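Biologist: Take me through this model feature by feature. Give me the general idea, then the case at hand.

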Amino acid sequence: MGWLALALSLLSVWPAQAQTPQDPRKSGFAYMGRDTQAMQQDDLANPAMLTVLEGEALWTTPTGKAGKSCASCHGEARESMKGVAARYPSLDEASGKPIDLSGRIAQCRETRMEAAPLVREGRDMLALSAFVGLQSRGMPVAPPQDERLRPFREEGARLYTARMGQLNFTCAQCHDANAGQKLGAAPIPQAHPNAYPIYRLEWQSTGSLQRRLRNCMVGTRAEPFSYGSAEFIALELFLMERAKGMTIETPGVRP
Amino acid sequence: MTRALINIPQKAKRGEVIEIKTMLSHPMETGFRPSSDGRLVPRDIIEKFVCTYNGEVVFSADLYPAVSANPFLSFNMVAEQSGTIVFAWTDNHGKTQVQTAAIQVE
């Protein structure tokens with residue numbers, strides 16, 4: 001009975017929301033080949049770490065009229081940014097709308113550093129969001145349970161199950177109903193946003209969740225939402241809720 | 001200045017075969033790809049990689065447009081004496097980027 005007691009005690013210290021072995025949810029990592037998995041797990045072979053290195057340098061570089069860097073206010077990212085990426089998108093009190101991590105970085109730079117706005121999907125934005133994201137690696141996805149986010153999350157759920165494009169598909173038709181099956185030669189993952197920004201081998205570069213979502217939309221021959229649009233943030237809100245408790249892998253590698 | 005990830009053991013025994021892994025942040029633009037305006041994106045690739053160990057070339061490679069972005073190169077060498085290992089990547093414009101690493105051999 002000793003082992004049972006041990007197992008029970010382990011269960012009780014398990015973070016309330018973390019994944020249990022019985023959880024049917026699987027990270028995209030589980031669908032990858034062993035080589036690609038090894039690439040993600042080795043920080044000296046993961047090409048996304050180059051993006052992280054860039055972000056680390058940007059973190060301490062003063063820029064803009066205020067003459068500040070990210071570090072001037074936030075200090076050591078290892079401490080101050082721990083777990084931050086796990087709880088975005090979250091509510092922006094000023095506007096009453098949800099804001100994603102890239103949006104928050106852009107906002108911070110514009111209003112507090114008075115620096116030129118960072119382009120979404122640009123090198124610097126990806127670098128900073130990958131660097132901030134890394135500080136949450138290994139932590140469970142923890143979407144904020146703010147009642148005011150509920151309508152936006154519901155909108156995300158609606159978009160996830162809305163038919164789109166000439167092929168008239170919904171996200172759910174592939175990623176819920178047919179996850180684990182193949183689309184051509186490629187496995188269909190469950191679409192969990194727990195490793196973004198990722199280095200995608202197909203892109204040969206680092207990219208955000210929104211770039212990946214646009215890929216899927218182009219695939220269904222829908223007109224993709226634009227970067228930073230309310231639709232994408234709503235979708236991300238829903239996807240993060242759906243992946244609640246899963247482990248953050250940022251920066252991930254995907255085929 | 002682009003970034004590079006270099007993985008070498010900091011310490012090694014004399015005569016030991018050590019593995020070196022390098023990765024350079026580089027787009028490796030082939031010069032064959034049209035951009036959204038229809039014009040070709042100019043070629044920008046690393047053409048030569050040279051690794052020297054205390055001044056002596058221990059590994060070199062020629063790279064071509066078929067090599068992926070962020071070229072990853074891994075090779076072995078025999079650790080003979082303490083010193084510096086110099087990695088140099090040269091692109092098709094003749095620009096060379098150099099990184100150094102120290103190794104201690106006991």
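Modeller: Start with Glu155(A) and Arg158(A), which both lie in helix 8 of chain A, three residues apart, about one turn of the helix. Helices (H or I, at least four residues) and strands (E, at least two) are DSSP runs, numbered from the N terminus. This is a predicted model: local features need pLDDT of at least 70, side-chain atom pairs count only at pLDDT 80 or more, while totals for chains, interfaces and linings use all residues. Residues are numbered from 1 along each chain as its sequence is written, chains are lettered from A and ligands numbered from 1 in the order in which they are written, and side-chain values use heavy atoms, leaving out hydrogens and water.

Biologist: How do Glu155(A) and Arg158(A) meet?

Modeller: Side chains of opposite charge can pair when their charged atoms come close. The rule for a salt bridge is a side-chain nitrogen of Lys or Arg within 4 Å of a carboxyl oxygen of Asp or Glu. Glu155(A) and Arg158(A) form one, at 3.1 Å from N to O.

Biologist: Is Glu155(A) buried or exposed, or in between?

Modeller: Buried means under 20% relative accessible area, exposed over 50%, partly exposed in between (1.4 Å probe, protein chains only). Glu155(A) counts as partly exposed because its relative accessibility is 30%. Arg158(A), at 46%, is also partly exposed.

Biologist: How many salt bridges does the structure hold over all chains?

Modeller: There are 20. One pair crosses between chains, from Asp42(A) in the loop between helix 2 and helix 3 of chain A to Lys21(B) in strand 3 of chain B. Their closest N and O atoms are 3.5 Å apart. Asp42(A) is partly exposed because it has 23% relative accessibility. Lys21(B) has 19%, so it counts as buried. Elsewhere, Glu93(A), Asp146(A) and Arg148(A) are linked in a network of salt bridges.

Biologist: What is the area buried between chain A and chain B?

Modeller: Buried area is the accessible area (1.4 Å probe) that two parts lose on being put together, summed over both. Here the value is about 1,100 Å², with 63% from carbon and sulfur atoms. On the side of chain A, Leu44(A), Leu50(A) and Gln204(A) lose the most area to chain B, together 53% of what that side buries. Contact means heavy atoms within 4.5 Å. By that rule 14 residues of chain A and 13 residues of chain B take part.

Biologist: Where does Gln135(A) sit?

Modeller: Gln135(A) is in the loop between helix 7 and helix 8 of chain A. It is buried because its relative accessibility is 13%. Beyond residues up to four places away in sequence, Gln135(A) touches Ala77(A), Arg78(A), Met81(A), Lys82(A) and Gly83(A). A polar atom of the Gln135(A) side chain lies 2.9 Å from the backbone oxygen of Phe131(A).

Biologist: Now the sheet. What is the strand order in chain B?

Modeller: Two strands pair if DSSP finds at least two bridges between them. Chain B has an open sheet of five strands, in the order 2-8-7-4-5, with mixed pairing. Strand 2 and strand 5 are the edges, each pairing on one side only.

Biologist: How many bridges join strand 7 to strand 8 of chain B?

Modeller: Eight, and these strands run antiparallel. Thr90(B) stands opposite Thr96(B), and Val86(B) opposite Thr100(B). Their hairpin has four residues between the strands, and Gly94(B) takes a positive phi near 85 degrees there. Strand 4 also runs antiparallel to strand 7, joined by seven bridges. One bridge pair is Cys51(B) with Phe87(B).

Methods
Polar contact = N/O pair within 3.5 Å; in protein donor to acceptor, adjacent residues only side chain to side chain.
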